[in-house]
Amino acid sequence: MSATLNNVEDLQEFLQAECYTSQFRPVELKEYLKINDAIYEVDNKAENGMTFSRLLNCQYSDTLKKMDPDHLVALVTEVIPNYSCLVFCPTKKNCENVAEMICKFLSKEYLKHREKEKHELIKNLKSISGGNVCPILKRTVPFGVAYHHSGLTSDERRLLEEAYSTGALCLFTCTSTLAAGVNLPARRVILRAPYVAKEFLKRSQYKQMIGRAGRAGIDSVGESVLILQEKDKQQVSELISRPLENCYSHLVQEFTKGIQTLFLSLIGLKIATNLDDICHFMGGTLFGVQQKILLKEKSLREITVEWLRDLTEKGLLQKDVVDKPKDESFHITKLGRASFKGTIDLAYCDILYRDLKKGLEGLVLESLLHLIYLTTPYDMASQCVPDWMIYFRQFSQLSPAEQNVAALLGVSENFIGKKASGQAIKKKVDKDIVNRLYLSFVLYTLLKETNIWSVSEKFNMPRGYIQSLLAGAASFSSCVLHFCEELEEFWVYRALLVELTKKLTYCVKAELIPLMEVTGVLEGRAKQLYNAGYKSLIHLANANPEVLIRTVDHLSRRQAKQIVSSAKMLLHEKAEALQEEVEELLRPPSDFPSVEASSTEKA
């Protein structure tokens, strides 16, 4: 179901579906464009696509004109605080700056609107962040304003979204990700500029953003205002009149994540193992439907043969020996199975294998740094831009064992020092290794301190990014574990990665990890339970919910019962697993000599 698709026929064929279309919108949407202080309504019947609507009524002081040349304060104060408003900004930094700028010019009356709920929100933001709260949000939330982008942690986003949905917050300054992801409608949507970062808006992005305007059952009308400069007038004119972009299969564009991973899965799961079956399967994909558009010069069979050959050359697939060439079939190799079971991006499976192999030559276990490096996601490392001064500072604090890890990777303190001071460097060092080690330092510090805020400050990184890095590392650590389970030579990593995956998943002090496995127990609650004497799963499974309520603050009866029943279930599962091991151990082997066989031999 979508309002921003053009080539629905392709999807209809791919899904073998019926197609139902409607122009009905529960709340009428009026689109406006703002140039200087004039507002125009988008009108497809007009010659240039717009008709003059009104002049913006704003009495601006000289200071306000300098601070707010786009008249954002005037546009938002026409609707807030009684109605909600979204302001889409091109960058994350711009979101924060705009939120602060608007609050500087709002009257003190805005502080009184839903004052108690806003005070409660700041209290909750402090509570989830161990007493920390973003200084910008501390200044803007009392006015009912907040920024919303990926730099926030997931808990912060959840609290802010809930407050916006209830009306405690009336204005979000946000990036384009909010348009496609979260359902937070508004009376008025303002696009600060026709850009996402430095890229000009696509028609589908524009439609997603303005589609937030108008809340069914609350508003009778929704409005969108796109602010533009004279230089962008022609491009905006084309933007509002052109058709929506087509939707295309990404099986080919995302080569290693797409088509190659699909083939490996098909053969690994034995869904299709010979050429004819794989070609038949490909015909049923969206790529199969669009193949004549996406790759005109080759047939679907030629493309399939080419990609299978590539996987065979990489050592992930092997051809079966057959009598007839047309019966060509394949089976998965050990490396292929490891990549498939570990869901490793095939662009990195060779590098991962080499890194793990090299790690066996001198695995440093005096600290977690070496293991963390091996489970730091490759894709995040390739996008990383280190702060060299911070890198050098962190490097100089490493213990001798930790410096050994860097030396094994070919990264020296001298190299980082020269980068930090801007000196010329003769020796070449792999950029991806340097970047990956930097992110390993971030994760290593985070596991030691278990505080996203202090690590965010230490490395000058957004806390939301650090949280994403941690989640990515926990996920990749689990993938690497499954990869190693399929390759006998990497047996040494298995036990080590089980523990590391837990540490990365929960990111708390080691003693709290068993409690974090229980449903509904997060870090704050785990600390409360531990301090109250419930230090293991066995303690919780045998706890009395009524006693829990009395000894743990802010714990409801329902939560207490859920914690106890979840702990019992986990304990029961672990006991069953151990029982199975015992039964397996006591069961006679299948090749055990029988009494009859022994008698026959004697005779």
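A salt bridge is a side-chain nitrogen of Lys or Arg within 4 Å of a carboxyl oxygen of Asp or Glu. The model is predicted, and in it local features need pLDDT of at least 70 and side-chain atom pairs count only at pLDDT 80 or more, while totals for chains, interfaces and linings use all residues. Residues are numbered from 1 along each chain as its sequence is written, and side-chain values use heavy atoms, with hydrogens and water left out.

**Figure 1. Salt bridge between E488 and R494.** The side chains of these two residues meet with an N to O distance of 3.9 Å. E488 is exposed, at 60% relative accessible area, whereas R494, at 23%, is partly exposed; here buried means under 20% relative accessible area, exposed over 50%, and partly exposed in between (1.4 Å probe, protein chains only).

**Figure 2. Salt bridge between K93 and E96.** The closest N and O atoms of this pair are 3.7 Å apart. Both residues belong to helix 4 (residues 92-104), where they are 3 residues apart and so separated by about one helical turn; helices (H or I, at least four residues) and strands (E, at least two) are DSSP runs, numbered from the N terminus. K93 is exposed at 52% relative accessibility, but E96 is buried at 14%.

**Figure 3. Salt bridge between E78 and R54.** Their side chains meet at 3.0 Å, N to O. Because E78 lies in the loop between helix 3 (72-77) and strand 4 (85-88) and R54 in strand 3 (residues 50-55), the pair ties together parts that are 24 residues apart in sequence. E78 is partly exposed at 36% relative accessibility, and R54 is partly exposed at 29%.
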